[in-house]
Amino acid sequence: MASRSLAGGPLTRRRRGATLTWLVLTYLALVLIMAPAAWILLGVLARALPHWHWSVLWTTLTPTGGGLRDQILGTLILMVGVFLVAGTIGVFAGLHLAELAKPRRRGGKPSGGALRTASDILAGFPSIVLGYVGYVALVVGLHWGFSLLPAVIILSIMVIPYIAKTTENSLRQVPTGYREGAEALGMSMGYGLRKVVLKSALPGIVTGLLLALAIACGETAPLIYTAGFSNTLPHSVTQAQFPYLTYVVFRYFDAPEVQYHYLAFDAALILIVIVLLLLVATRIVVARTQRHAEGARTSRGPRFRRRPKTVDEDIDLGDLHR
């Protein structure tokens, strides 16, 4: 009787109702997140696909239309530059915050508070403000002009906080036993970080890097202030304006000429494809690194591990010799 009353009592029904309510709210939140993304994606596809021509990928932009070859290459070059500059600085900053900026004694405060605060403040700056700072300091102050180098520096400054935060969080999620095991095996701190800790945190670090590249790929305001725009790729990293896709979307979507409308929709579709490829690459890298980590933990396991004997089992002489 008691179990039956508990199974169908008011408390159980209340819990079931609360669980169902939270389930409905989570699905509603998922719909609210996915619906705008799906609406934008379908809108771009509906406007770009009817007039899509594959020649847009290998022809150059001209005053009468043309293609987006140099703009695509310029966007990829910007992403590579951000990956090298922001990736290096952001990963090392996250490594410092997670592994080196620790309290020296029990109960002490970590030494990376100022760096973490500066990173959080930098992440809150609007991108157009960073672009204007880059214009004043790099384009005008250092006389670099509208060019590739100021654009890469400003985009890197913009995404470094995201990379540092994801790297720090990924490293902090690595179990402490991994570090203790590396120290017990006589590994130095640097060798243990490279061979044990960083391998375990690699999925999160790669996710942060690719997310930063996706953010840099879709920025327009900082590039207008630092890179300017040109129809063709320059031969210098300074004193030469640079092409990229987001300016085509920003400048040509409301142009009076129909061919420029088509180019704007094509550029938007190419940007979406690049971001989707980054997401797919993230999933592939995470899956492969996790599989490698699981394989490393389970390799040679059955060869060396034996089932532990219980107290009730008898131990014969063969066990003692083994």
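Which residues make a nonpolar surface patch of about 730 Å²?

## Surface patch

The patch is made by L20, L23, V24, Y27, L30, I33 and M34. The structure is a predicted model. L23 counts as partly exposed, because its relative accessibility is 44%, which falls between the 20% limit for buried and the 50% limit for exposed.

## Nonpolar core

In soluble globular proteins, nonpolar side chains tend to be buried together. Here the largest nonpolar core has 58 residues. Within this core, L68, L78 and L245 have the most contacts. Two or more residues come from each of α2 (10-48), α3, α5 (127-141), α6, α8 (189-217), α10 (245-252) and α11 (258-298). The element that gives the most to the core is α8, with 12 residues.

What does L78 touch, leaving aside its neighbours within four places in sequence? L78 is in contact with L148, A151, V152, L155, L223, F242 and Y244.

## Salt bridges

Side chains of opposite charge can pair when their charged atoms come close. There are four salt bridges in the structure. One of them joins E99 and R179, with the closest N and O atoms 2.6 Å apart. This pair links distant parts of the chain: E99 is in helix α3 (residues 69-100) and R179 is in helix α7 (residues 176-184), 80 residues apart. Is E99 buried or exposed? E99 counts as buried, at 7% relative accessibility. R179 also counts as buried, at 15%.

Another salt bridge is formed by R69 and D70, where the closest N and O atoms are 3.2 Å apart. R69 is partly exposed, with a relative accessible area of 33%. D70 counts as buried, because its relative accessibility is 4% and buried means under 20%.

R172 forms a salt bridge with E168, and their closest N and O atoms are 3.1 Å apart. Both residues lie in helix α6 (residues 148-172). R172 and E168 are four residues apart, about one turn of the helix. R172 counts as partly exposed, at 45% relative accessibility, whereas E168 counts as buried, at 4%.

Which residues are linked in a network of salt bridges? The network links R116, E168 and R172.

## Positive phi in two loops

Most residues other than glycine have a negative phi, and most peptide bonds are trans. H143 has a positive phi, near 60°, and is a residue other than glycine. Where is H143 found? H143 is in the loop between α5 and α6. H143 is exposed, with a relative accessible area of 61%.

Q239 is another residue other than glycine with a positive phi, and its value is near 60°. Q239 has its place in the loop between α9 (221-226) and α10. At 54% relative accessibility, Q239 counts as exposed, because exposed means over 50%.

How values were computed
Residues are numbered from 1 along each chain as its sequence is written. This is a predicted model: local features need pLDDT of at least 70, side-chain atom pairs count only at pLDDT 80 or more; totals for chains, interfaces and linings use all residues. Side-chain values use heavy atoms; hydrogens and water are left out. A salt bridge is a side-chain nitrogen of Lys or Arg within 4 Å of a carboxyl oxygen of Asp or Glu. Buried means under 20% relative accessible area, exposed over 50%, partly exposed in between (1.4 Å probe, protein chains only). A nonpolar core is a set of buried Ala, Val, Leu, Ile, Met, Phe, Trp, Tyr and Cys residues joined through side-chain atoms within 4.5 Å. Contact means heavy atoms within 4.5 Å. Patches are made of residues with over 30% relative accessible area and no salt bridge: like charges are joined within 9 Å, nonpolar side chains (Val, Leu, Ile, Met, Phe, Trp, Tyr) within 5 Å. Accessible areas come from the Shrake-Rupley method with a 1.4 Å probe; for residues, only the protein chains shown count as cover.
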